[in-house]
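Trainee: I would like to know what the labels on this model rest on. Please take them one at a time.
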Amino acid sequence: VTVSEGVTLTIAPGARVKLGPPGYPLYINGTLIADGTDAQKIIFTSDNDDTVGGDTNGDGNATSPAAGNWYGMVFNPTSKNNLLDQVIIRYGSYGVLAYTSSLTVSNSTLTNNSTGIYVSSASPAISNNIISGNSTGILLSSASPAITGNTISNNGNGIQCNNNSNPAITGNKFEGNTSYAMYFDVTSTGAVISGNTVSGSY
């Protein structure tokens with residue numbers, strides 16, 4: 001599925017979007033607005049996830065959901081004015097792949113993905129989310145997003161910064177990440193870190 005440049009796709013509160021098989025992404029070249037509510041969250045999940053919308057792939061109990069069942073939501077460089085608020089994203093290879101700074105991910109839950117959020121050469125806003133149970137919570141490459149007020153828990157690495165990534169990491173709660181709460185390679189020396197709490201691995 002592709003949202004073309006110049007096109008806006010708006011997903012209504014309470015919608016359930018099931019994707020698959022592995023390797024098939026949702027490409028956003030234009031604009032995606034997924035603005036749920038606390039009572040009506042928008043769910044993006046695997047087509048193997050029978051807890052959402054029932055057995056839509058018609059295979060009974062033959063399959064069950066797991067990380068990597070679908071590729072992820074890919075926000076390409078031409079994409080702009082994107083919003084993911086009050087959404088749940090699970091069972092992707094990536095929950096979100098951001099190649100644009102014109103993206104806000106807020107008040108959402110990203111869980112049971114291989115990587116929750118991947119950002120490359122961009123600076124989106126990532127705030128007040130629950131990012132939990134992923135192999136890597138947030139993975140950055142040459143990226144400098146603002147990461148604020150999130151709960152980042154029970155991942156492998158909470159935040160991993162590679163290739164001269166210099167995010168602002170402020171007011172987050174890190175709990176129970178099994179490798180590192182925050183990992184920086186030798187090129188990523190300019191991060192601004194303040195007001196975070198960490199329990200478990202550092």
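Mentor: A salt bridge is a side-chain nitrogen of Lys or Arg within 4 Å of a carboxyl oxygen of Asp or Glu. This is a predicted model, in which local features need pLDDT of at least 70 and side-chain atom pairs count only at pLDDT 80 or more, while totals for chains, interfaces and linings use all residues. Residues are numbered from 1 along each chain as its sequence is written, and side-chain values use heavy atoms, with hydrogens and water left out.

Trainee: What makes lysine 41 and aspartate 38 a salt bridge?
Mentor: The closest N and O atoms of lysine 41 and aspartate 38 are 3.6 Å apart, and the limit is 4 Å. Therefore the pair counts. The whole structure holds 2 salt bridges.

Trainee: Why is aspartate 38 called exposed?
Mentor: Buried means under 20% relative accessible area, exposed over 50%, and partly exposed in between (1.4 Å probe, protein chains only). Aspartate 38 has 63%, so it counts as exposed. Lysine 41 has 24% and is therefore partly exposed.

Trainee: How do you know that aspartate 49 and arginine 90 form a salt bridge?
Mentor: Their side chains meet at 2.9 Å, N to O. Aspartate 49 lies in the loop between strand S6 (42–46) and strand S7 (73–75), and arginine 90 in strand S9 (residues 87–90), so the pair ties together parts that are 41 residues apart in sequence. Strands here are DSSP runs (E, at least two residues), numbered from the N terminus. Aspartate 49 has a relative accessible area of 1%, so it is buried; arginine 90, with 17%, is buried too.

Trainee: Why is the pair of tyrosine 94 and tyrosine 118 called tilted?
Mentor: Rings of Phe, Tyr and Trp (its six-membered ring) pair if their centres lie within 6.5 Å; planes under 30 degrees apart count as stacked, over 60 as edge-to-face and the rest as tilted. By this rule there are 4 aromatic pairs. In the pair of tyrosine 94 and tyrosine 118 the centres are 5.8 Å apart and the planes make 55°, which is tilted. Tyrosine 94 is in strand S10 (residues 94–98) and tyrosine 118 in strand S13 (residues 115–120), 24 residues apart. Tyr71, Tyr94, Tyr99 and Tyr118 form one aromatic cluster.

Trainee: What does methionine 73 touch?
Mentor: Contact means heavy atoms within 4.5 Å. Leaving aside neighbours within four places in sequence, methionine 73 is in contact with residues including Leu26, Phe44, Leu84, Ile89 and Tyr94.

Trainee: What makes a sheet of strands S2 to S23?
Mentor: Two strands pair if DSSP finds at least two bridges between them. Strand S17 (residues 146–148) and strand S20 (residues 168–170) are joined by 3 bridges and run parallel, so they pair. Isoleucine 147 stands opposite isoleucine 169 in S20. In total, 8 strands form an open sheet with parallel pairing, in the order S2-S5-S8-S11-S14-S17-S20-S23.

Trainee: Which are the edge strands?
Mentor: Strand S2 (8–11) and strand S23 (192–194) are the edge strands, as each pairs on one side only.

Conventions. Helix = DSSP H or I, 4+ residues; strand = E, 2+ residues; numbered from the N terminus.
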